[in-house]
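User: I'd like to learn how to read ring pairs and sheets in a protein model. Could you walk me through some examples?

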Amino acid sequence: MTVIAAAPTDTHLTALVLDAAIAAARVILDVYARPIVAVDKADGSPVTEADAAAEAIILEHLKATGIPVLGEESVAAGIIPVLGERYFVVDPLDGTKEFIKRNGEFTVNIALVEHGVPVLGVVLAPVTGETFVGDARGAFSCNTSSGSVSNKQPIGVTSSRKLRIVASRSHGHAALATLCELLEVQSDVSVGSSLKFCLLARGDAELYPRFTPTCEWDTAAGQAVLEAAGGAVVTLDGERLRYGKGELAFLNPYFVAAANLNLARRAAAEMTKILG
């Protein structure tokens, strides 16, 4: 049975995380304005100077809370703190491939995890300033391109008989076409990074299946936003995607994000059949 944990009600903590993301976005845009130099990490994924610089800024902002931080670049450097039941999960630059391509579809992701589930999340797209936030009060979008919050408005999932699916520009999978046929998907949109979760949260699509590997920092913030907007994220067994999988190097299993739990579980069951 999937149990939805209550999110923290500390509005100051949400504001702090949002400030950290805005500061990281400024650093990322500074690098984005120059020729981009990328190198490959041990796992073959690309990294740029923006990744490390943005994570350093985020860690500095979050330090005063005393809450441990699981950061993608810190983990890559072998720095993994004792996490406990409450910790931040940070991807300072989600969508590095999109960053290198200069298509603007990359984000800063910061989430707070409690007892294995993300309960607060901020996803910020530096190029546009488009920002999505989810916490105990619900989910909202805003623009932070000026360095402060503007155009704040609540967001929520939608249900439609004509399903719209969102997928990744950089991580497609052959099974996706089969799933679309089985679920009678009517249209699709491709977008990079955690913006996929946010499109569902805003009601622009209903389904995001993931057939390729992700890590916890790739998904925690987006999951927090989507769940705060009324959506669900489940693994192929139909249970909520959970966090703190240190014994698995913080890798996620395949999952489905959807506008509601029933749709997520239905798609997860079909994915299981497709993958055999």
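Analyst: Happy to! Keep in mind that this is a predicted model. Let's begin with a group of rings: Tyr32, Phe99 and Phe106 are joined into a cluster by ring pairs.

User: How many aromatic pairs does a search of the whole structure find?

Analyst: The search finds seven. One of them is formed by Phe197 and Tyr208, with ring centres 5.2 Å apart.

User: How do I name the geometry of that pair?

Analyst: Look at the angle between the planes: over 60 degrees counts as edge-to-face. For Phe197 and Tyr208 the planes stand at 85°, so this pair is edge-to-face. The pair links distant parts of the chain, with Phe197 in helix 6 (residues 195–201) and Tyr208 in strand 12 (residues 207–210), 11 residues apart.

User: Is Phe197 buried or exposed?

Analyst: The cut-off for buried is under 20% relative accessible area. Phe197 is buried at 1%, and Tyr208 is buried at 3%.

User: Which rings have a lysine over them?

Analyst: Phe140 has Lys152 over its face, 4.3 Å from the ring centre. Over the ring of Tyr243 sits the charged end of Lys245, 5.1 Å from the centre.

User: Now the sheet, please. How should I read one?

Analyst: Strands of a sheet pair through backbone hydrogen bonds, either parallel or antiparallel. Here an open sheet of seven strands runs in the order 3-4-5-6-7-8-9, with mixed pairing. Strand 3 (69–71) and strand 9 (150–155) are at the edges with a single partner strand each, so one side of each has no neighbour in the sheet. From one strand to the next, the twist averages 20°.

User: Where can I see an antiparallel pairing?

Analyst: Look at strand 5 (residues 107–114) and strand 6 (residues 117–124), which pair in the antiparallel sense over seven bridges. Leu112 stands opposite Leu120 in strand 6.

User: And which helices should I look at next to the sheet?

Analyst: Helix 1 (residues 11–32) lies across strand 4 (86–94), strand 5, strand 6 and strand 7 (130–135), at about 40° to strand 6. Helix 2 (residues 49–62) also packs on the sheet, touching strand 3, strand 4 and strand 5, and its direction makes about 150° with that of strand 4.

Technical notes:
Residues are numbered from 1 along each chain as its sequence is written. This is a predicted model: local features need pLDDT of at least 70, side-chain atom pairs count only at pLDDT 80 or more; totals for chains, interfaces and linings use all residues. Side-chain values use heavy atoms; hydrogens and water are left out. Rings of Phe, Tyr and Trp (its six-membered ring) pair if their centres lie within 6.5 Å; planes under 30 degrees apart count as stacked, over 60 as edge-to-face and the rest as tilted. Helices (H or I, at least four residues) and strands (E, at least two) are DSSP runs, numbered from the N terminus. Buried means under 20% relative accessible area, exposed over 50%, partly exposed in between (1.4 Å probe, protein chains only). A charge sits over a ring if NZ of Lys or CZ of Arg is within 6 Å of the ring centre and within 35 degrees of the ring normal. Two strands pair if DSSP finds at least two bridges between them. Axes are lines fitted to C-alpha atoms, for helices over the stretch in contact, and angles run from 0 to 180 degrees between N-to-C directions. Contact means heavy atoms within 4.5 Å.
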